[in-house]
Amino acid sequence: MYYQKALKISIIFLYLIIVAGAVVRMTGSGMGCPDWPKCFGYLIPPTEESQLEWKADFEYDKGQIIIVSESLRIAPEDFTSGSAYQESNWSTYDAHDYATFNVWNTWIEYINRLVTALAGIPMLLMFIFSFWYWKGKPWLIFGSFFVLPLMGFQAWLGKLVVDSNLFPVKITIHMIAALFILALLLYLWFKLKEKEQLSELAVQVKPLVYDPVFKRLMLVATLLTLVQIALGTQVRQYVDERVSEVGYNAKSLWLDPVTLWFYIHRSFSILVTLLTLYIYWRNKTKGLGHDRLLKWVLIFIGVEVISGIAMYYIDFPFGTQPIHLVLATLLFGAQFYVLLESMRRPTAVGLKRS
């Protein structure tokens with residue numbers, strides 16, 4: 001019971017991380033904290049730019065950052081400043097050359113990191129509670145443990161993203177890694193609930209029916225969504241670059257001129273939509289039993305398409321960018337769970353083959 005609750009909270013937290021990351025991208029706060037894991041060398045980030053100015057007779061801690069002549073300086077060791085600024089007391093922060101402070105961007109990025117750190121608590125508890133299944137389901141222990149280094153790897157990727165000043169490829173890898181962790185958590189949930197689900201299926205009027213064609217179609221649809229999300233990060237990076245060039249208020253120019261990435265991204269969305277409609281039709285006509293989740297898949301795709309159209313034709317209404325990303329991850333999660341259900345073979349669960 002405790003394991004199940006910890007696993008559920010872990011899944012919720014992972015989606016909160018994705019939501020927080022989407023808000024960071026929407027507000028352009030990715031470089032709100034120029035260093036990692038601290039923020040300007042602080043555990044709790046500054047609230048005023050004056051905190052990042054050099055001060056006389058001030059005790060600086062190792063790793064603390066100040067802004068001097070539009071560049072970052074970092075304290076290589078603990079020291080107390082004198083009456084005048086001494087360059088020899090500081091090292092140039094050379095991971096990147098971004099040296100701007102905006103209190104909103106800083107705290108939005110800080111909250112994003114805080115959510116990520118807090119997510120580690122239920123995931124650690126999940127691993128601890130998994131030992132209750134040592135006799136019945138020992139694989140839960142190994143699966144739960146694997147989540148922890150993956151989260152560490154994800155945090156390290158976050159550092160690389162910041163150090164690279166939001167390099168597009170690293171942002172994409174960071175996003176795909178989060179989806180991989182989500183898939184693992186959903187797999188653990190699926191396997192944990194499998195016996196319970198099978199007992200429920202035994203009394204259902206329309207039990208799940210194994211269909212190898214449906215399984216392959218779901219695999220293709222899930223992979224296409226994964227590719228679609230990766231393509232979306234490239235489009236988003238282009239939008240970020242255009243915002244820096246034309247300004248935040250010139251929204252009509254954010255996708256002008258339109259890039260090849262956008263056309264590929266749009267073409268994939270049409271392909272995913274048509275394939276999902278066929279999957280839903282096949283599920284209904286053959287009575288495969290995946291109706292509930294596939295309805296959610298269609299809803300996610302529908303709102304996803306609407307938000308995409310709104311961004312392109314109505315000049316990025318407020319909130320459409322994070323909604324677009326979060327819906328894509330919800331879509332991936334729902335598709336992946338249907339894929340897991342479709343892999344049940346009749347020999348293993350006592351259900352008939354279509």
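F300 counts as buried, at 12% relative accessibility, where buried means under 20% relative accessible area, exposed over 50% and partly exposed in between, with a 1.4 Å probe and protein chains only. W296, at 42%, counts as partly exposed. Both residues lie in helix α7 (residues 291–313), four residues apart, which is about one turn of the helix. Helices here are DSSP runs of H or I with at least four residues, strands are runs of E with at least two, and both are numbered from the N terminus.

This is a predicted model, in which local features need pLDDT of at least 70 and side-chain atom pairs count only at pLDDT 80 or more, while totals for chains, interfaces and linings use all residues. Residues are numbered from 1 along each chain as its sequence is written, and side-chain values use heavy atoms, with hydrogens and water left out.

The chain has nine helices and five strands. From the N terminus on, the order of elements is α-β-β-β-β-β-α-α-α-α-α-α-α-α. Along the principal axes, the C-alpha atoms fill a box of roughly 85 × 55 × 25 Å. Of the 354 residues, 48% count as buried.

Next come the nonpolar cores. In soluble globular proteins, nonpolar side chains tend to be buried together. A nonpolar core is a set of buried Ala, Val, Leu, Ile, Met, Phe, Trp, Tyr and Cys residues joined through side-chain atoms within 4.5 Å. The largest such core has 56 residues, of which L7, V147 and L185 touch the most other members. Helices α1, α2 (103–129), α3 (139–163), α4 (168–201), α5 (212–246), α6 (260–286), α7 and α8 each supply at least two residues of this core. Helix α4 gives the most, with twelve residues. Leaving aside residues up to four places away in sequence, L7 touches M126, L185, L188, W189 and L192, where contact means heavy atoms within 4.5 Å. A second, separate core of twelve residues includes C39, Y42, L72 and F101.

Aromatic rings form another set of links. The structure holds 20 aromatic pairs; rings of Phe, Tyr and Trp (its six-membered ring) pair if their centres lie within 6.5 Å, and planes under 30 degrees apart count as stacked, over 60 as edge-to-face and the rest as tilted. The rings of W54 and Y85 have centres 6.1 Å apart and planes at 90°, so this pair is edge-to-face. W54 lies in the loop between α1 (2–27) and β1 (59–60), and Y85 in the loop between β4 (79–80) and β5 (91–92), so the pair ties together parts 31 residues apart in sequence. W54 is partly exposed, with a relative accessible area of 24%, and Y85 is partly exposed at 27%. The rings of W296 and F300 have centres 5.7 Å apart and planes at 35°, so that pair is tilted.

Ring pairs also link F58, Y60, F79 and W90 into a cluster. The charged end of K55 sits over the ring of F58, 5.2 Å from its centre; a charge sits over a ring if NZ of Lys or CZ of Arg is within 6 Å of the ring centre and within 35 degrees of the ring normal.
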